[in-house]
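Thanks for coming. I will take a few minutes to walk through one chain for those who have not seen it before.

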Amino acid sequence: MVEPEQVRPLAPAAQRLSSDDDEVSTNLRRRRRRKHIKCCSCIAAATLVLAAAAVVLAFTVFRIKGPIINLNGIIIDQLDLVNGTTLVGGANISLTADVSVKNPNFSSFRYRNTTTTITYRGAVVGEVRGPPGKAKARKSVRMNLTVEIMPDSLIHNPNLQTDIASAILPLNTYSRVPGRVKMLNMIKRHVVVKMNCTLSVNITSISIQEQECKRRVDF
């Protein structure tokens, strides 16, 4: 006699619905996790890009560089000599120094009163102060500074007549330009530009025969 096949009872409908809901909930959680990971990845990538851009800007655009000062030339405007070889007290001597300041920054350089001192064999023979001004971003500004030489300071130097006879007058100039670079109204940096030049001035041709300058920038 053949035994009848046993029929397994079907799972209750409520149990099947619960299983389907669990699967849907799991898929939703996976999708949300993937979206969350993608979102975090995008934020991290954007942060790295911004950080890299900030570093590049810090070392290029926002990096404050020292202005460059140059002595373009000195002109002897007046030099009164007796018989062309002798300097007497009260003689009129004046020089004009052509000085330029180049600003390599992406912001303007505002400078205060400039100072130029001229010395002859270690003794100060003249000094001039220039007015304050501004060098625009990545531009140069030129200043013509006229210096009245004190003849008495030259006359008392025992080497003067020898230098005049050789037609070469050795001079030293020292220029100082204090100022400030301001970037985006946030970054401020005080700068002092200095230049020391050794000159050999030909008093016959009234020109500079030799010139050597050393520059320095203090922050």
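First, the ground rules. This is a predicted model, where local features need pLDDT of at least 70 and side-chain atom pairs count only at pLDDT 80 or more, while totals for chains, interfaces and linings use all residues. Residues are numbered from 1 along each chain as its sequence is written, and side-chain values use heavy atoms, with hydrogens and water left out.

Now the core. A nonpolar core is a set of buried Ala, Val, Leu, Ile, Met, Phe, Trp, Tyr and Cys residues joined through side-chain atoms within 4.5 Å; buried means under 20% relative accessible area, exposed over 50%, and partly exposed in between, with a 1.4 Å probe and protein chains only. The largest such core has 39 residues, and Leu-71, Phe-109 and Ile-149 have the most contacts inside it. Six residues, the largest share of this core, come from E9. Strands (E, at least two residues) and helices (H or I, at least four) are DSSP runs numbered from the N terminus.

Next, the salt bridges, of which the structure holds four. The term means a side-chain nitrogen of Lys or Arg within 4 Å of a carboxyl oxygen of Asp or Glu. Asp-98 and Arg-142 form one of them, at 2.4 Å, N to O. Asp-98 is in strand E2 and Arg-142 in strand E7, 44 residues apart. Asp-98 counts as buried at 16% relative accessibility, whereas Arg-142, at 55%, counts as exposed.

Arg-121 and Asp-163 form another, at 3.0 Å, N to O. Arg-121 sits in the loop between E4 and strand E5, and Asp-163 in helix H3, so this pair ties together parts 42 residues apart in sequence. Asp-163 is buried at 8%, and Arg-121 is partly exposed at 44%.

Asp-218 and Lys-194 also meet in a salt bridge. Through shared partners, Lys-194, Arg-216 and Asp-218 are joined into one network.

Now the threonine. Thr-115 lies in strand E4 and is buried, at 15% relative accessible area. Its side chain makes a polar contact with the side chain of Arg-129, at 3.2 Å; that term means a pair of N or O atoms within 3.5 Å, where, within protein, one must be able to donate a hydrogen and the other to accept it, and residues adjacent in sequence count only if both atoms are side-chain atoms.

Last, the surface. Met-186 lies in the loop between strands E8 and E9 and counts as exposed, at 64% relative accessibility.
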